[in-house]
Amino acid sequence: IPWGVGANVAFHPSSKLIAITDRSGTTCLRDIETDDVIYECGGGIISLAFSPDGETLVTGTWHGVVQFRDARSGQIKLAQPPPATSVAVSPDGSIIATGHTDGSIHLADLTTGMSGTVQTQQSRAPVHHRITTWSVAFAPTGHWLASVGADYSIRLQNVSTGGDLGPFGGHGDYHVTGVAFSGDGRYVASAGNSETISVRSFETPDLITSMISNVGLDHMSSLTVDPRGTLIGAADREGRIAVWDVKSKQKVDSQSGYS
């Protein structure tokens, strides 16, 4: 069977079928006796194995995702969520929200142990980012969840009713990597790779009420607002941190050398 570079193979317990994957991530199941291709699937797969009963094909990807597939059809039966990029806990401690590399947002109820995606739990509109969700944050009330992503957008969604606001811009064609609410829940701040921090009124989120530009930090990876909503702190991937006064937009302090 001619195949690509770096092929991995797994024999079905019946010894009549073989699964093959190569560096391109393409996987196929073939009949050994007839050489027929039963199905093909992709998704960056680099490792594979059949369960002893031959019912399940387990595949692993470059991204650290394990998928359980029906061995005869290739359909995913049970999938782990993609790698998480961010996490937030609701103020009452009942819900954990996680952002993921595929743009999805997952909610887990700590009181029941149930979990699911925001898209499947909401009844009105599916809320997620087109690509990587970089940061999530709960409002002080716990009803609203803010998220930002690699699709340059900021989104607000009500985890109780399924309502959503956005997407909103404000950072140009740059990844938005950090989001935080003020202590009173009136404002939501966002930061990213544009060296810009935006502060929006939560009541009118389409209106940018304050903009701190050219902040001197690149690829900001973390953002926080003090409980009174007067100061904003941010950190970037170069180990620098800085604090600004929200009203005057002046830098209060900056330091470097952190991991």
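**Entry 1: cysteines**

I looked up Cys28 and found the closest cysteine sulfur in Cys41, at 8.6 Å, which is too far for a bond. Seen from Cys41, the closest cysteine sulfur is that of Cys28. My search of the whole structure accordingly returned zero disulfides, a disulfide being a pair of cysteine sulfur atoms within 2.5 Å. I then checked accessibility, where buried means under 20% relative accessible area, exposed over 50% and partly exposed in between, with a 1.4 Å probe and protein chains only. Cys28 is buried at 0%, and Cys41 is also buried, at 12%.

I note that this is a predicted model, in which local features need pLDDT of at least 70 and side-chain atom pairs count only at pLDDT 80 or more, while totals for chains, interfaces and linings use all residues. Residues are numbered from 1 along each chain as its sequence is written, and side-chain values use heavy atoms, with hydrogens and water left out.

**Entry 2: pockets**

I took a pocket to be an open set of points on a 1 Å grid over the protein atoms alone, where a 1.4 Å probe fits, with protein on both sides within 12 Å along at least five of seven lines; lining residues have an atom within 4 Å of a point. The largest pocket has a volume of about 280 Å³, volume being the space filled by probe spheres set on the points. Of its 21 lining residues, Val136, Ala137, Val179, Ala180 and Leu223 are the closest to the centre. Strands S9 (84-89), S13 (133-138), S17 (176-181) and S21 (220-225) each give two or more residues to this lining, strands being DSSP runs (E, at least two residues) numbered from the N terminus.

**Entry 3: a sheet**

I traced an open sheet of four strands in the order S17-S18-S19-S20, with antiparallel pairing, where two strands pair if DSSP finds at least two bridges between them. S17 and S20 (208-213) stand at the edges with a single partner strand each, so one side of each has no neighbour in the sheet. Within the sheet, S18 (187-192) and S19 (196-201) pair over five bridges, and Val188 has Arg200 in S19 as its bridge partner.
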